[in-house]
Each structure stands twice: as structure tokens, then as C-alpha cells.
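Thanks for making time. Please bring the model up on your screens, and I'll walk you through the numbers.

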Amino acid sequence: MSRKKYFGINFLFMCQFVIFFILTNGFVSGQISNIVSTVRVSDAKEQMPITISAELFSSENISVISIAYKSFGQTEFRKAEMIIKGVTATVSIPAEAVAPPYLEYYLFITMRDGSSQTYPVGIQEGVPSLQIAVSAFSEKDKEILVLSPSVGEILTQQELMISVSFIKAPDNVDASKTKIYINNEDVSSKAVYTGDILVVSGENLSGELKIGPGLLRIDIYDKKGNLYHTISRNFRLISTELAAGAFWSYNGSLKGESRSEQFNSQSTWYNNITADINAETGNWSINGNAYITSEEVSDQQPYNRYSLSLKGGDWLELQAGDAFPRFPNLIMDGKRIRGFNGSLNFGFLNIQTAYGETERSIEGKLIEKFTADDPATLESDVIPINAQRYVLPYGRVELGTFKRKVLAVRPSFGNGENFQLGFSYLHSKDDAGSIEFGARPEEDLVLGTDFMLAYDSRNIMFTTQAAVSLSNKDISSGTLTDKQIDEIFGSNSNFSIDPSDVKRIRDLIGNFITVNQYLGPWNPQEFASLAAEAALTLNYFNNNVKASYIYRGNDFQSFGQSFLRTDVKGINIVDRIRMIDNKLFLSIGYEELKDNLQKTKVATTTFQTINASISLFPRADFPNITLGYTRNANNNGLSLSDPLNKMYIVDDITNRIMLQLSYDFNALVKHNSSLSFSTSSKDDKSLLNMDTKFTTGSLNLTSYWTQQLSSLFGLVYNQSEFFGKQSNYYTITIGGRYKLLEKKLQLSATLSPSFGDFKRQTFEFIADYNVITNLNLMFQARIFRIPGASTNSIIGLVTRLTI
């Protein structure tokens with residue numbers, strides 16, 4: 001095919017993209033936000049971690065940012081805290097959660113004043129969450145083999161040898177057209193072909209390589225010039241002096257940042273330092289990192305982060321500092337602790353433990369004092385205070401936060417490949433003496449077990465877990481004595497419990513948790529504090545079928561897991577069908593859940609969800625396409641004609657359609673393009689009549705004109721309707737990056753104006769200069785202007801040193 005004709009076809013397809021965009025009313029990655037500027041997502045490939053980074057307008061008033069995510073067809077979102085460094089919040093989604101056809105997520109932002117917001121804005125009101133299309137494994141990974149470097153290999157420039165084998169490649173692959181990129185720099189001209197082997201020697205790349213982490217990308221083309229396959233791989237370069245002179249191999253980085261934020265007419269300087277160090281020898285490795293910032297203040301939860309970890313092969317892991325231990329998700333998952341955690345894995349016997357602080361103490365404030373007979377003493381924010389110190393015995397306070405510590409232990413049997421049986425214990429308790437102005441310190445005890453059995457190379461897998469919890473909502477009075485039990489639980493009390501039963505419970509569990517009238521639940525026979533789930537997975541004939549059942553009592557609570565949905569039970573069935581060498585995916589899911597397990601509500605609500613998706617990953621000269629449909633129906637059977645209970649009616653149906661396309665093509669130069677579309681409509685027949693409609697989407701095009709110059713064009717659109725009131729806005733993004741001074745200086749700029757019902761202009765400029773081989777200086781300026789309101793800015797200087 002001639003180049004002219006080839007260009008014409010691609011140009012035609014680009015026009016079709018744009019026409020389709022206009023006809024479908026545009027696109028957006030989410031509602032406009034005054035907190036999150038942009039979200040960047042790494043390549044999403046099956047069973048590979050995904051890094052998600054949120055760029056913030058300002059981090060000044062943010063306490064915590066968490067991400068909620070789930071795979072296609074999953075019952076509930078899992079949550080994890082994001083790490084905030086400067087004006088960037090980052091998190092890594094674990095590999096086991098990444099599966100075709102897509103991953104769904106949103107951000108939950110807690111402000112320092114206690115208020116909260118989601119991104120996209122309005123998740124609670126029905127705004128659709130964001131979706132990331134996940135590409136599947138390909139047989140092409142077996143056709144073209146990267147012989148070296150290995151994944152994550154640490155080596156010197158002289159040791160680096162990029163070697164690619166085309167021995168098993170099909171006849172339509174043209175090895176001579178292969179493009180090789182290191183950190184997005186084209187080094188294809190350095191390649192040498194020896195038979196069916198392509199080789200690039202590190203000694204020929206003196207100007208292209210830098211000490212530190214490296215990303216290798218290999219683009220393979222067919223004989224018609226169409227992109228056939230892409231392979232990516234990480235590695236790390238170290239200096240020859242370090243490699244030759246040490247028993248341990250080391251690498252690390254040090255970054256210092258100083259920035260000024262002008263936000264809502266308030267100007268603030270921030271300074272932070274980030275340090276990372278890694279060392280390894282044989283099967284042993286040590287990793288340390290620290291983030292120290294001037295944003296750290298004693299009356300907020302920690303902003304500083306630090307950790308030191310030691311790993312010995314597959315059998316030992318130890319970590320001190322800030323960590324996010326992962327136990328069975330009913331016990332602990334996504335919760336940050338500051339302390340110690342680790343595991344010993346011997347295969348037949350393993351033990352995992354974590355101990356540390358999940359909340360640090362923050363003292364409250366005394367606002368007003370009262371006498372004992374003042375009626376105000378009955379209010380919730382009025383507590384007893386030290387009369388000797390403050391003259392009066394009661395005070396209205398701004399309640400502080402107790403220090404909370406947690407201990408979790410899980411022994412298990414089996415290596416987890418085909419069998420594992422585990423038992424979990426978690427105890428968490430507030431330190432009532434950690435602050436003066438606080439109320440109702442709490443305590444939590446959770447006992448659990450989990451089991452996994454797999455057969456036939458894990459094509460048949462059965463998993464189950466169960467846990468029970470006891471929670472005490474106020475331990476300030478301590479454990480009850482016999483006399484107190486008789487008085488509180490006697491015949492004239494409001495508790496329908498025999499005092500002798502309370503005494504037996506106290507004697508049985510009093511060594512594990514505080515026993516008083518605030519302990520619960522007292523009705524274990526109703527399974528209010530039980531949480532359990534079981535799943536069976538079958539993987540045959542290109543079908544991956546998973547059927548699961550969950551039960552969550554309304555009183556189940558674990559301080560190690562703050563995000564579980566309780567008071568619900570039901571089934572979930574998902575089938576993923578792979579066809580045409582994993583190029584075509586058909587995914588179907590059905591879920592039916594019910595609440596009101598302990599009959600504490602007026603009526604029982606049934607939550608029914610139907611998911612369907614079809615994905616095409618041609619891995620050739622054609623876009624990747626994912627089309628999805630979701631239907632949520634919630635109904636509790638109450639009627640508007642019922643005058644007593646009509647205010648409790650739940651009766652709504654939400655339909656959502658999602659389309660995502662991504663296309664890498666050559667039209668004079670290489671381009672990466674993506675198009676997304678999502679529309680949802682909620683029909684609410686309850687008394688509130690909360691009908692909503694959303695149409696959101698985005699179009700992005702990145703073009704690589706030369707090795708020095710690349711450009712970005714983006715178009716974002718949002719249309720929403722709440723209670724009959726419409727809102728529309730769109731954003732255009734234009735940007736570019738240019739390298740000069742022998743690629744030592746990189747300049748980039750982006751302009752993003754928003755129009756419509758929301759108006760804002762955003763401009764960003766970055767200059768990154770490589771002073772010497774492992775030292776960089778970066779200047780960054782970001783300006784945000786809201787017409788008729790304010791102009792805000794972030795201006796900073798960053799120094800990066802890599803060893």
C-alpha cells in the first residue's frame with residue numbers, strides 16, 4: 001500500500017472519530033472538580049498493577065484521598081488510601097484486581113474541616129464512576145520473546161543488552177520495522193539484526209541512558225507497516241562503580257521541592273523532601289522511603305510518610321513505618337497503619353502480623369463551661385471536664401480524636417497455590433487517655449477464618465471466608481463489675497438480657513475486649529455481627545465463570561476495614577468469555593442482593609444489577625473497543641398510596657451505556673488516540689423523585705512529530721440534569737513538549753479553558769533540565785483562573801538526584 005493511500009485511510013478514520021464524537025454529544029472523564037485537576041492512568045493490562053495519579057489544584061485543605069475500585073461484575077468497591085506528595089496523590093491497584101473488560105473507580109476526598117467530595121463530583125447523586133479498559137493476555141507474547149533484559153533487572157549500561165527473538169514470529173511480521181524506545185526515546189537506529197535476533201548494546205546508547213529506572217517499549221510491525229504488537233518492560237541502571245565495588249547493589253533518589261500556592265487570595269509556601277533507597281544482594285533486598293513535608297501539622301492526621309522494609313526471598317517480609325497491610329478483606333484491607341507488619345512463609349505454615357497506629361491523637365478544644373445542673377449538659381458535645389483545673393465540671397468541646405491502635409494476626413496452612421486455610425484475629429482500641437477533650441472511645445474485636453482449594457491448575461477454585469465481630473461504642477467506664485451488671489441488666493432495666501449471661505460473657509471475653517452496656521451485639525443468634533462469603537470459579541472452554549454468595553450482618557464492623565457494605569446478602573454471577581486469541585471478550589454479570597437482614601427497617605429492598613460488556617482488542621491497525629451496559633434496579637415494594645410508609649419508598653431504575661475506543665496509528669507521524677462515552681439515566685419513582693441524567697466523555701490525541709517534539713489535544717464534555725435542571729460545560733486542552741540542548745532541557749506547556757455553565761482557564765508550564773547525568777532541576781508553574789472570582793497559582797522548584 002502506498003504511503004499516500006495509507007495516510008488517506010488513517011485520515012478518513014480520524015474524521016470518522018471526530019464525526020462520531022460530535023454525533024454522540026461529546027465526552028468527559030468526570031464532573032468538574034475544584035480539587036482534582038487531572039487523573040493519569042498507566043497502561044492497563046490483565047494481571048498487571050495499574051498506577052493512578054491525581055493532580056491536585058491544591059493539597060492545602062485535604063486530609064485524606066482514597067480510591068474506590070472494583071472489577072467488572074464485583075459486588076462492592078474496594079478502597080485504598082492514596083499517597084499525597086506535594087500536589088499529586090498516587091496509588092497502585094494490585095494486579096489481582098486488574099481483569100478484562102474494565103476496572104471501575106472513583107476518588108473519595110476528605111477535607112480537613114470534615115467535609116467530603118468525590119471525583120467525579122456527585123457519585124452519591126448517581127454520577128457514573130470512571131472506567132479503565134483492561135487489555136487481555138495475548139498469544140503474541142509467546143511469538144515475540146524479549147530475551148533480555150529481564151523484568152525489573154538491575155544492571156550497568158555496559159551490561160545492558162536488549163535482545164528480541166523473532167524465531168517464533170509469524171510470516172507477516174517484518175522484524176526490520178521494529179521500533180525500540182527507552183524512556184520514550186527512539187533508539188531503533190542502534191539496533192543490529194543477527195538472523196532472527198534483534199540486538200541493541202548498551203555501550204552504543206551512551207547519550208540516551210540515565211542512571212535510575214528505565215522503561216523499555218518495543219513496537220512490532222507487520223509487512224504492511226501496521227502495528228502488530230507492543231511489549232513493555234521495566235529495568236534499572238546503576239553505575240559501574242557501584243556495581244564493581246559493593247557486595248550489595250544500591251540505587252536511590254532524593255527529591256526536594258519548594259512551591260508557593262496562591263489559592264483563594266491566600267498565599268502559602270510549602271517545602272518537602274522525598275527520599276528512596278533500594279539495596280539488594282542475592283535473595284535479600286532492603287527498601288526505604290521517606291516523604292517529609294512542611295504540611296505536617298499536629299492537629300491533623302499525618303502527612304509525612306516513611307517506611308523501611310526487608311525481604312528475604314519468598315519466605316520473609318518485614319516492614320516498619322507507614323504501610324497498608326492486606327489481610328482477608330473482611331479483616332483488614334486498604335487501611336494505613338504506622339507501626340510494624342510482616343510475614344513468614346514456609347509453605348506448610350505461614351504467619352502474617354501487623355501492629356500499629358491507624359489514628360493519631362488530636363486534642364480537642366474547650367469552647368464553653370457549665371455547672372452540673374445546666375440543661376446544656378445533656379447535649380452530645382458537652383462532656384465532663386476537670387473541675388479542679390477549669391472551675392466548672394462540664395464543658396462544650398470540639399471533640400478530638402483518640403489514638404487508635406490495631407493488632408492483626410493471621411496464621412495459615414498451605415502455600416496458597418492449591419490450598420490454604422487461615423485464621424485471623426484483629427483487636428483495635430482507642431487510647432482513652434491520649435486526649436483530654438474526647439468522648440466515647442471505642443474498641444473492636446474480629447475473629448475470622450478463610451479457606452482456598454484449587455484443582456486442575458487452578459481451573460477449579462473454591463474460596464470462602466467468614467468473620468464475627470464485637471464492638472464497644474464507649475469503653476470510658478471500663479469493664480463492668482458484678483454489682484454494676486446487676487444494676488444495669490436487672491429486672492427493671494431496658495435490656496432484655498439475663499445478668500448472669502452478661503457475667504458469663506464478661507468472664508469469657510473480658511480479657512480480649514471491654515465488657516459493658518455499650519458492647520454489642522447481644523443477639524449473636526441473629527447473625528447481626530457475622531460477615532461471610534463464598535465463591536466458586538470455573539475456567540474451561542475459554543469461559544471464566546465465578547458464582548459467589550455474600551452475607552453481611554448490619555452490626556459487623558472491623559476497624560481494619562472501613563469500607564465494607566453491611567446489612568446485605570445475595571448472589572453474584574459473572575462469566576467472562578474469551579474468543580479469537582483473547583481479541584474478543586464477552587462479559588456478562590448478574591447480581592441480586594437484599595438488605596434488612598435483622599428486620600430493622602420498614603421494608604426489605606432488593607438490589608438487582610445486570611452487567612454486559614463486549615471488548616475487541618485486535619492488536620493491529622484497528623481501534624481497541626469496549627462497549628458496556630449496566631442496569632441497576634432497586635425496589636422495596638412500598639407504594640405511594642401507603643400514607644404511613646410512603647416516605648420510605650425505594651423504587652428506581654438506572655440504565656448506563658459506556659463506550660471506549662483507543663487507537664495507535666501512523667499518519668505521517670505516530671499518534672495515540674482515545675475516545676470515551678458514557679450516558680446514564682435514573683428513573684426514580686419514590687417520593688423524592690430524584691430523576692437524573694448524565695452524558696459524559698472525552699477525546700484525546702497525542703502526536704509524536706519528532707524525537708524532540710510531541711503535542712496533545714483533548715476535548716472534554718459534560719451534560720447533567722438534576723431535578724429537571726440542566727448543566728453543561730466542555731473543556732479544550734492543547735499542549736506540547738519540546739526537547740532541546742541535546743535533550744537535556746525539556747519544555748512542556750498545557751492550556752485548558754473550560755466553557756459553558758462552568759468557566760475556568762488552566763495553564764501549566766514545566767521546564768526540566770538535566771544538569772549532570774543524575775541531577776535534574778525542574779521549574780513548574782500552574783495558573784487557574786475562574787472568571788469573576790479568583791486567580792490561583794502554584795509555582796515551584798524541584799531538585800532530583802538519582803544514584
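Of the 803 residues in the protein, 47% count as buried. Buried here means under 20% relative accessible area, exposed means over 50%, and partly exposed is in between, with a 1.4 Å probe and protein chains only.

Some ground rules. This is a predicted model, where local features need pLDDT of at least 70 and side-chain atom pairs count only at pLDDT 80 or more, while totals for chains, interfaces and linings use all residues. Residues are numbered from 1 along each chain as its sequence is written, and side-chain values use heavy atoms, with hydrogens and water left out.

Overall dimensions next. The C-alpha trace spans about 95 × 70 × 65 Å along its principal axes.

Secondary structure: 6 helices and 48 strands. These are DSSP runs, numbered from the N terminus: helices are H or I with at least four residues, strands are E with at least two.

Contacts now. A contact means heavy atoms within 4.5 Å. Take the contacts with a separation of 6 or more: 58% of them join residues 24 or more positions apart.

The surface. The protein exposes about 38,800 Å², and carbon and sulfur atoms supply 57% of that. Areas come from the Shrake-Rupley method with a 1.4 Å probe; for residues, only the protein chains shown count as cover.

Charges. There are 75 positive and 83 negative side chains, and the centres of the two sets lie 6 Å apart. Lys and Arg count as positive, Asp and Glu as negative; His and the chain ends are not counted. Each charge is placed at NZ of Lys, CZ of Arg, CG of Asp or CD of Glu.

Which residues touch the most other members of the largest nonpolar core? Ile62, Ile67 and Ile93 do, in a core of 34 residues. A nonpolar core is a set of buried Ala, Val, Leu, Ile, Met, Phe, Trp, Tyr and Cys residues joined through side-chain atoms within 4.5 Å. Several strands each supply at least two residues of this core: strand 2 (50–56), strand 3 (62–71), strand 6 (88–93), strand 7 (102–111) and strand 9 (130–133). Strand 7 gives the largest share, 5 residues. Apart from this core lies another, of 24 residues, among them Leu155, Ala191, Leu198 and Leu237.

Back to Ile93. Beyond four places in sequence, Ile93 touches Pro49, Ile50, Ile52, Ile67, Tyr69, Val98 and Leu103.

Now the loop between strand 8 (116–119) and strand 9, where Glu125 sits. Glu125 counts as partly exposed, at 36% relative accessibility. Asp691 is 566 residues away along the chain, yet the two C-alpha atoms are separated by 9.7 Å. Leaving aside neighbours within four places, Glu125 contacts Thr692, Phe694 and Phe722. Pro120 is found in that loop too. A cis peptide bond joins Tyr119 and Pro120, with omega about 0°.

Another cis bond runs from Gly520 to Pro521, omega near 0°. Pro521 is in the loop between strand 33 (519–520) and strand 34 (530–540).

Ser457 has a positive phi of about 55° although it is not a glycine. Ser457 lies in the loop between strand 31 (443–455) and strand 32 (460–472), and counts as exposed at 67% relative accessibility. Leu741 also has a positive phi of about 55° without being a glycine. Its loop runs between strand 44 (725–740) and strand 45 (745–756). Is Leu741 buried or exposed? Exposed, with a relative accessible area of 52%.

Two more residues. Ser135 is in the loop between strand 9 and helix 2 (140–143). Its C-alpha is 6.0 Å from that of Glu46, which is 89 residues apart along the chain. Beyond four places in sequence, Ser135 touches Ala44, Lys45, Glu46, Pro100 and Phe617.

Last, Ile657, in strand 40 (residues 651–667). Ile657 is partly exposed, with a relative accessible area of 39%. Beyond four places in sequence, Ile657 touches Leu627, Gly628, Tyr629, Phe677, Ser678 and Thr679. Thr762 is 105 residues from Ile657 in sequence and 30 Å away in space, C-alpha to C-alpha.
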